[in-house]
Amino acid sequence: MKSMQVALMFVLVLTIVGIRNSSSDSPLVLDYYKETCPELEDIVQRIVEIAVLKDPRMAASLLRLHFHDCFVMGCDASVLLDDFGNVLSEKQAGPNLNSLRGFEVIDEIKYIVEEACPATVSCADILTIAARDSVVLRGGPTWDVHLGRKDSLTASFSGAKQFIPAPNSTLDILIANFQQQGLDTGDLVALSGSHTLGKARCLSFRQRIYTNDYGYYERDDEYLSALRSLCPRSGRNNALAPLDLITPARFDNHYFTNIIEGRGLLISDNVLVDQDLQWEIREHVFAYASSQEHFFDSFVNSMIKMGNINVLTGDEGEIRKNCRSPNSYTN
Ligand code: HEM
Ligand SMILES: *[C@@H]1O[C@H](CO)[C@@H](O)[C@H](O)[C@H]1NC(C)=O
């Protein structure tokens with residue numbers, strides 16, 4: 001009888017371990033560069049720190065750069081490529097043009113990393129570590145970044161237009177958009193919390209401040225009129241407003257109280273608390289608004305998930321020498 005119980009227990013444990021392994025089957029590992037480039041994480045951290053000291057917004061920009069990389073063909077540094085041959089850069093696509101920032105910082109990191117460990121570290125891994133360090137520098141949570149990504153041999157201009165969500169997306173579109181990447185509604189809400197940092201252009205929030213029919217949870221008229229004086233009905237397309245007007249420089253959970261109080265800058269922010277839409281999503285928003293710890297835990301989980309999207313490993317892709325062009329186009 002006793003041995004029967006032990007045997008059952010054994011099967012149970014095996015099953016749990018099996019399930020756990022199959023649900024976290026990322027090919028990436030923590031100590032990928034342990035032997036080949038032990039100073040990697042120190043180098044990235046140091047240069048991100050200097051860049052953010054010089055330009056505090058850079059933390060936001062590097063975080064967003066990683067997101068825009070991962071949503072187009074996976075986290076493969078495709079977003080970093082300039083035009084080459086007859087391939088158009090993703091940088092030219094609508095969601096990125098005159099908007100994405102931070103390429104020079106990645107170049108700088110790559111330059112120092114190449115000095116320390118030549119032809120060893122991918123641009124995709126550098127970008128992932130830089131995004132994590134950016135969050136930490138602004139007071140957000142930290143986590144261990146799994147490594148071993150390879151860099152793409154090409155870019156996808158059409159993918160950048162198709163897969164990066166527009167600021168006027170409806171909730172259904174956002175949900176579908178994240179689903180295409182293997183991310184669920186929990187990830188959508190947690191990752192949208194990135195809009196606790198950084199800025200958006202008038203062009204990105206004009207429709208939100210001159211159209212009234214979104215059924216927002218609440219409406220803040222003072223906020224609206226401040227935005228309208230910054231961003232007229234036409235012109236001043238590049239005027240900037242903070243995505244989190246209360247604590248724009250801190251990575252915290254204020255984004256969620258903002259959107260509950262009708263002060264989300266983008267339509268895509270406000271639809272997360274839309275009256276008529278999915279209760280499950282609004283529940284996440286309220287939970288994150290009331291517990292920063294809960295937000296941080298979920299954010300870390302979702303960032304790790306996002307950082308795993310369609311990664312190239314092993315023989316796939318290459319280690320670029322220059323993050324802006326494939327090796328076959330680098331002299
Ligand atoms: C949910 C769908 C999302 C939409 C529709 C969206 C849209 C936008 C837009 C339109 C901007 C301003 C761009 C400009 O006007 O130049 C922006 C900025 C930003 N986004 Fe998102 N975003 C989304 C999700 C995310 C995610 C998942 C992350 C990170 C994991 C992120 C991080 C950021 C950051 C940090 C900024 C500020 C960048 C800066 O100041 O340079 N966003 N986003
Ligand atoms: C979103 O904005 C684009 C470009 O300004 C516009 O063409 C489109 O109709 C808008 N979509 C919605 C759902 O309002």
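**Notebook: a walk through a predicted model**

I began with S78, which is buried, at a relative accessible area of 0%; buried means under 20% relative accessible area, with a 1.4 Å probe and protein chains only. This is a predicted model, where local features need pLDDT of at least 70 and side-chain atom pairs count only at pLDDT 80 or more, while totals for chains, interfaces and linings use all residues. Residues are numbered from 1 along each chain as its sequence is written, chains are lettered from A and ligands numbered from 1 in the order in which they are written, and side-chain values use heavy atoms, leaving out hydrogens and water.

**Entry 1: S78 and E90**

I placed S78 in the loop between α3 (58-70) and α4 (103-116). Helices here are DSSP runs of H or I with at least four residues, strands are E runs of at least two, and both are numbered from the N terminus. I found E90 in the loop between α3 and α4, and E90 is buried, with a relative accessible area of 0%.

I then looked up contacts, meaning heavy atoms within 4.5 Å. Leaving aside neighbours within four places in sequence, S78 is in contact with residues including D69, V72, E90 and R320. With neighbours set aside in that way, E90 has contacts that include H68, V72, S78 and F157. I also noted that a polar atom of the S78 side chain lies 3.3 Å from the backbone oxygen of V72.

Which residues does the UniProt annotation "binding site" cover? The unreviewed entry lists D69, V72, G74, D76, S78 and E90. They are spread over 22 residues of sequence, yet they cluster in space, with a largest C-alpha distance of 13.0 Å. I keep in mind that such annotations may be inferred rather than shown by experiment.

**Entry 2: R138**

I found R138 in the loop between α5 (123-137) and α6 (157-163).

**Entry 3: ligand 1**

I counted 27 residues around ligand 1, of which R57, S61, S99, H195 and S204 come nearest; a residue counts if one of its heavy atoms lies within 4 Å. An oxygen atom of ligand 1 is 2.7 Å from an N or O atom in the S61 side chain, and one is 2.6 Å from an N or O atom in the side chain of S204.

Technical notes: Buried means under 20% relative accessible area, exposed over 50%, partly exposed in between (1.4 Å probe, protein chains only). A polar contact is a pair of N or O atoms within 3.5 Å; within protein, one must be able to donate a hydrogen and the other to accept it, and residues adjacent in sequence count only if both atoms are side-chain atoms.
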